[in-house]
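Hi,

Here is the structure I promised to pass on. Have a look at it first, and then read my notes below.

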Amino acid sequence: MKLCEKKCPECGDVIVGRVDKKYCSDGCRNTQNNRLNKDSKNLIRNTNNRLRKNYRILEALNPNKKMKCSRAKLVEKGFDFNYFTSTYTTKAGTIYYFVYDQGYLPLEGEYYALVKRDD
């Protein structure tokens, strides 16, 4: 008499091994989970890519921890002002925008003060 064979939900192969095993291999498990989570992962991946790009731009333009930069230069490099990780408001009400430890402060006109937060 043959026991009921479990089939892998990804590829359909027979599953060999533990009784509670759901997939025939790590590859099938990863493929299935990646497919199920694709939409949410794309949003996260795209957001992280934009944050990473903004960080690199601020880091490259601000090697000495404090600098003044025009909005045009930031935009030219591909900076997206909609993506930042935190804000800091001073007692005077001035708002700094940060991408991790690299930040910027809108100034008069079309300029920004670039700053790096100390650890």
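A term before anything else: by a nonpolar core I mean a set of buried Ala, Val, Leu, Ile, Met, Phe, Trp, Tyr and Cys residues joined through side-chain atoms within 4.5 Å. Keep in mind that this is a predicted model.

With that in hand, the largest nonpolar core has twelve residues. They are Leu51, Ile57, Leu58, Leu61, Cys69, Leu74, Phe79, Phe81, Val99, Tyr104, Tyr112 and Leu114. Two elements, α2 (38-61) and β5 (111-116), each supply at least two residues of this core, and α2 gives the largest share, with four residues. As a general point, nonpolar side chains in soluble globular proteins tend to be buried together.

Not counting residues up to four places away in sequence, Val99 touches Leu51, Asn54, Tyr55, Leu58, Tyr83, Phe84 and Thr85.

Now the sheet. In what order do the strands of the open sheet run? Five strands are arranged as β1-β5-β4-β3-β2, with antiparallel pairing. β1 and β2 (86-89) sit at the edges with a single partner strand each, so one side of each has no neighbour in the sheet. From one strand to the next, the twist averages 30 degrees. α2 packs on this sheet and touches β1, β3, β4 and β5, its direction making about 80 degrees with that of β4.

Two other backbone spots may interest you, since most residues other than glycine have a negative phi. Lys65, in the loop between α2 and β1 (66-70), has a positive phi of about 75 degrees without being a glycine. Tyr100, in the loop between β3 (95-99) and β4 (102-106), also has a positive phi, near 60 degrees. Both side chains see some solvent-accessible surface: Lys65 is partly exposed at 43% relative accessible area, and Tyr100 is partly exposed at 46%.

The loop that holds Lys65 also contains Asn62. Is Asn62 buried or exposed? Asn62 counts as buried, because its relative accessibility is 3% and the cut-off for buried is under 20%. Leaving aside neighbours within four places in sequence, Asn62 is in contact with Met67, Gln102, Leu114, Val115 and Lys116.

Last, the cysteines. How many disulfides does a search of the whole structure find? The search finds zero. For Cys24, the closest cysteine sulfur is that of Cys11, 3.5 Å away, which is too far for a bond because a disulfide needs the sulfur atoms within 2.5 Å. Cys24 is partly exposed, at 24% relative accessibility. Cys69, by contrast, is buried, with a relative accessible area of 5%, and belongs to the core listed above.

Over to you.

Cheers

Terms used
Residues numbered from 1 in each chain as written. Predicted model: local features only at pLDDT ≥ 70, side-chain atom pairs only at ≥ 80, totals over all residues. Heavy atoms only, no water. Buried < 20%, exposed > 50% of the residue type's maximum accessible area, 1.4 Å probe, protein only. Contact = heavy atoms within 4.5 Å. Pairing = 2+ DSSP bridges. Axes fitted to C-alpha atoms, helices over the stretch in contact; angles between N-to-C directions.
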